[in-house]
Amino acid sequence: MGEILHRGVVQKTLNGRVWVQIERGSACGACAASKFCTASDSRQESIEITDNSRKWTEGEKVQVRISTSLAGMAVVWVYLIPLLLLLVTLFAVIHFTTNEIYAALASLGVLVVYYGVLYLCNPWLQRKAHFSLTLL
């Protein structure tokens with residue numbers, strides 16, 4: 001199982017949570033998911049990581065690790081499943097009602113509900129997503 005590595009700098013810490021500013025590197029350009037990944041849109045990204053392994057201080061240079069399988073699952077949950085929901089809803093409503101406006105509204109409604117549920121599941125998803133930090 002591979003890993004995605006990013007170098008970063010600790011911005012702040014609070015109660016076991018560490019905010020790290022990472023800079024997108026050349027690995028993002030070689031990644032197959034970079035076309036779809038919002039992290040590749042900006043040169044710098046701030047992420048929050050729960051890490052109680054040691055006392056982190058602002059300004060420390062760190063390396064952030066995440067497994068490639070977890071990154072792949074994120075792409076599935078954020079892009080692939082919503083696309084499938086959108087298409088299935090669109091074609092099903094068009095088939096049963098032949099009204100394109102209803103189909104478009106229903107498809108958008110399904111996406112709103114899906115992303116709302118995904119937002120409500122955020123605490124569970126954060127426990128599943130495991131970032132690890134190592135001091136450089």
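A residue counts as buried when its relative accessible area is under 20%. By that cut-off, buried residues make up 22% of the 136 residues in the protein chain. The model is a predicted one.

**Surface and contacts**

The protein chain exposes about 9500 Å². Carbon and sulfur atoms supply 64% of that area. Take the contacts between residues at least 6 apart in sequence: 68% of them join residues at least 24 apart.

**Secondary structure**

Four helices and five strands make up the list of elements in the protein chain. Along the sequence they follow the pattern β-β-α-β-β-α-α-α-β.

**The sheet**

The five strands form an open sheet. Their order is E3-E2-E1-E4-E5, and the pairing is antiparallel. Strands E3 and E5 are the edges, and each pairs on one side only. From one strand to the next, the twist averages 40°.

| Element | Residues |
|---|---|
| Strand E1 | residues 3-14 |
| Strand E3 | residues 44-50 |
| Strand E4 | residues 61-67 |
| Strand E5 | residues 132-135 |
| Helix H2 | residues 68-97 |

**Strand E4 and its neighbours**

Strand E4 is joined to E5 by four bridges. The two strands run antiparallel. Arg65 has Ser132 in E5 as its bridge partner.

Helix H2 lies across strands E1 and E4. Its direction is at about 65° to E4.

Key: Residues numbered from 1 in each chain as written. Predicted model: local features only at pLDDT ≥ 70, side-chain atom pairs only at ≥ 80, totals over all residues. Heavy atoms only, no water. Buried < 20%, exposed > 50% of the residue type's maximum accessible area, 1.4 Å probe, protein only. Contact = heavy atoms within 4.5 Å. Areas by Shrake-Rupley, 256 points an atom, 1.4 Å probe, with all protein chains shown as cover. Pairing = 2+ DSSP bridges. Axes fitted to C-alpha atoms, helices over the stretch in contact; angles between N-to-C directions.
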